[in-house]
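Trainee: Could you take me through one part of this protein slowly, and then show me how that part sits in the rest of the chain? I am new to this, so please name each piece as you go.

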Amino acid sequence: MSSSSLELIPFVDLSWQHRPLKADILAMVKAVMEKGDCVLGQKVTEFETAFAAACQTDYGVGVGCGTDAIALGLRACGITAGDEVILPANTFIATLIGIVRTGATPILVDCDPQTALIDLDAAERAITPRTKAIVPVHLYGQMVSPTALIALAKRHHLIIFEDAAQAHLAQREGYRAGSIGMAAGFSFYPSKNLGGLGDGGMLVTPQEAVAQTVRSLRNYGATRKYFHTDPGGVNSRLDTIQAGVLQLKLPHMEAWNQARNQLAQYYDAAIAPLAQKGIVPMTNVSGTGHVYHLYVIKVTADCPIDRNLLQTALNAQAIQTGIHYPIPCHLQPAFSSLGHQPGNFPYSEALSQEILSLPMYPGLTLEQVDRVVAAIHFALTSPV
Ligand SMILES: Cc1ncc(COP(=O)(O)O)c(C=O)c1O
């Protein structure tokens, strides 16, 4: 069938979650307009408290985006020029940008090819006397092992700063994303598991002093009105209206994450027979604690067609997909000054060529998943 006669299966569709909330969202916007507390209003404080509690930590500080949560949060944790900070090579570039903005030296390490999460053995080998922190990224909605991270950090006196931008309310080994270390950064970019109607982010922490510092940094480095104590201050505040939207969505998060996890289980079972044709889903090592921000498969060398061809074939069947991410951080032109070469992080590089993210969002139907898997099957059995 030609793609024009097929109904599109979008990569992400937010209409299903927005439709039942529309009236409440519009009423909230009206109330904010009438109250006039557009910046750092009541909804921001309420949502900060609620979100920190949902993450099983103590303080939340709403900022303009997830990148700022990382940059300002690390600064508040004391990270500065001369420090080394470890992070995975296969993450969204914002993790690296956030670290670089503190003036610290980013130290990239490779990942586990089965989960795509940071390889903690590689991280341990990269530690030097200057290493101050590790930034694990809970990629695709799955947490890096909290117990292993905590043990590593204890052995080497490192700060853990979680990049939890893709892992709202994820769990592993009894821990919630955002509750493991000194602080964590979240993004509320619209397509995230918890997303606003625009940019937004939050720093969460169990430490009052870290929260206080980020509160100041997000507001021009002021500790009180027109009194500025930190030259690293910026204007990066979570909008009151965005906080209001996020507050309305937060009570649905458990159900929405559960729906994602169930869709992933359905995908896994449907895709399992394709293993003999070289299609392998990323490994879930955290069961129902994996919140599947993304559902990612690997198109391995055993597959009759490569990843790009499969993506084109799915597109021809009106199925949108994504690649997260096509170029690992160490090969991005912006960071050539770090001096890395192709071959430095072989697993991250191999993944960047093999991974394909399939449609995944609460509201995706099992029939749509069946159609995605059937289209993969068709592409493999009748390669163009
Ligand atoms: C892993 C990761 N870190 C950081 C960010 C940055 O968040 P934001 O886009 O809100 O700045 C994102 C999302 O874009 C992300 O996926």
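This is a predicted model: local features need pLDDT of at least 70, side-chain atom pairs count only at pLDDT 80 or more; totals for chains, interfaces and linings use all residues.

Mentor: Happy to! An unreviewed UniProt entry marks Lys192 with the feature "active site".

Let's find Lys192 on the chain. Look in the loop between strand 8 (183–187) and strand 9 (201–205). Is Lys192 buried or exposed? Lys192 counts as buried because 20 C-beta neighbours lie inside 10 Å, and 20 is the number at which a residue is called buried. Now see what Lys192 touches. Leaving out residues up to four places away in sequence, the contacts of Lys192 are Ala165, Gln166, His168, Ser187 and His293.

A shell of 15 residues surrounds the ligand, and the closest are Cys65, Gly66, Ala94, Ala165 and Ser187. Two elements, helix 4 (66–76) and helix 5 (93–100), each give two or more residues to that shell. Sorted by class, the shell around the ligand holds six nonpolar, seven polar and two charged residues.

Now let's step back to the domains. The domain assignment gives domain 1 (3–15 + 253–381) and domain 2 (16–251). Lys192 falls within the range of domain 2 (16–251), while its contact His293 falls within the range of domain 1 (3–15 + 253–381). Taken over C-alpha atoms, the centres of domain 1 and domain 2 are 25 Å apart. Where the domains meet, 37 residues of domain 1 are in contact with 36 residues of domain 2. On the domain 1 side, helix 10 (253–271) and helix 12 (346–354) each supply at least two of the touching residues. Helix 12 gives the most to that side, with six residues. By class, the side of domain 1 that touches domain 2 has 21 nonpolar, 14 polar and two charged residues.

Next comes the interior. In soluble globular proteins, nonpolar side chains tend to be buried together. Here the largest nonpolar core has 102 residues, and those touching the most other members are Cys77, Ala133, Val135, Phe161, Met202, Leu203 and Val204.

Setting aside neighbours within four places in sequence, Phe161 is in contact with Gly73, Leu74, Cys77, Ala133, Val135, Gly181, Met182, Ala183 and Ala184. Follow that list to Gly181, which lies in the loop between strand 7 (175–176) and strand 8. Gly181 is buried, because 23 other C-beta atoms lie within 10 Å. Beyond four places in sequence, Gly181 touches Ile159, Ile160, Phe161 and Glu162. For a sense of scale, Gly181 and Glu124 are 57 residues apart along the chain, and their C-alpha atoms are separated by 17 Å.

Finally, a few spots in the backbone are worth a visit. Most residues other than glycine have a negative phi, and most peptide bonds are trans. Tyr292 has a positive phi, near 40 degrees, although Tyr292 is a residue other than glycine. You will find Tyr292 in the loop between strand 12 (279–281) and strand 13 (295–299). Tyr292 counts as buried because 27 C-beta neighbours lie inside 10 Å. Leu40 is not a glycine either, and its phi is positive at about 50 degrees. Leu40 sits in the loop between helix 2 (22–35) and helix 3 (42–54). With 17 C-beta neighbours inside 10 Å, Leu40 counts as partly exposed. The peptide bond between His324 and Tyr325 is cis, with omega about 20 degrees. Tyr325 belongs to the loop between helix 11 (307–316) and helix 12, and helix 12 is the element that gives the most to the domain 1 side of the domain contact.

Terms used. Residues are numbered from 1 along each chain as its sequence is written. A residue is near a molecule or strand if its C-beta atom, placed from the backbone, lies within 6 Å of it. Helices (H or I, at least four residues) and strands (E, at least two) are DSSP runs, numbered from the N terminus. Ala, Val, Leu, Ile, Met, Phe, Trp, Tyr, Cys and Pro count as nonpolar, Asp, Glu, Lys and Arg as charged, and the others, Gly among them, as polar. A nonpolar core is a set of buried Ala, Val, Leu, Ile, Met, Phe, Trp, Tyr and Cys residues joined through C-beta atoms within 7 Å. A residue is buried if 20 or more other C-beta atoms lie within 10 Å of its own, exposed if 12 or fewer, and partly exposed in between; C-beta atoms are placed from the backbone. Two residues are in contact if their C-beta atoms, placed from the backbone, lie within 7 Å. UniProt positions are given in the numbering used here, feature names are shortened, and annotations may be inferred rather than shown by experiment. Domain bounds come from an automatic or database domain assignment.
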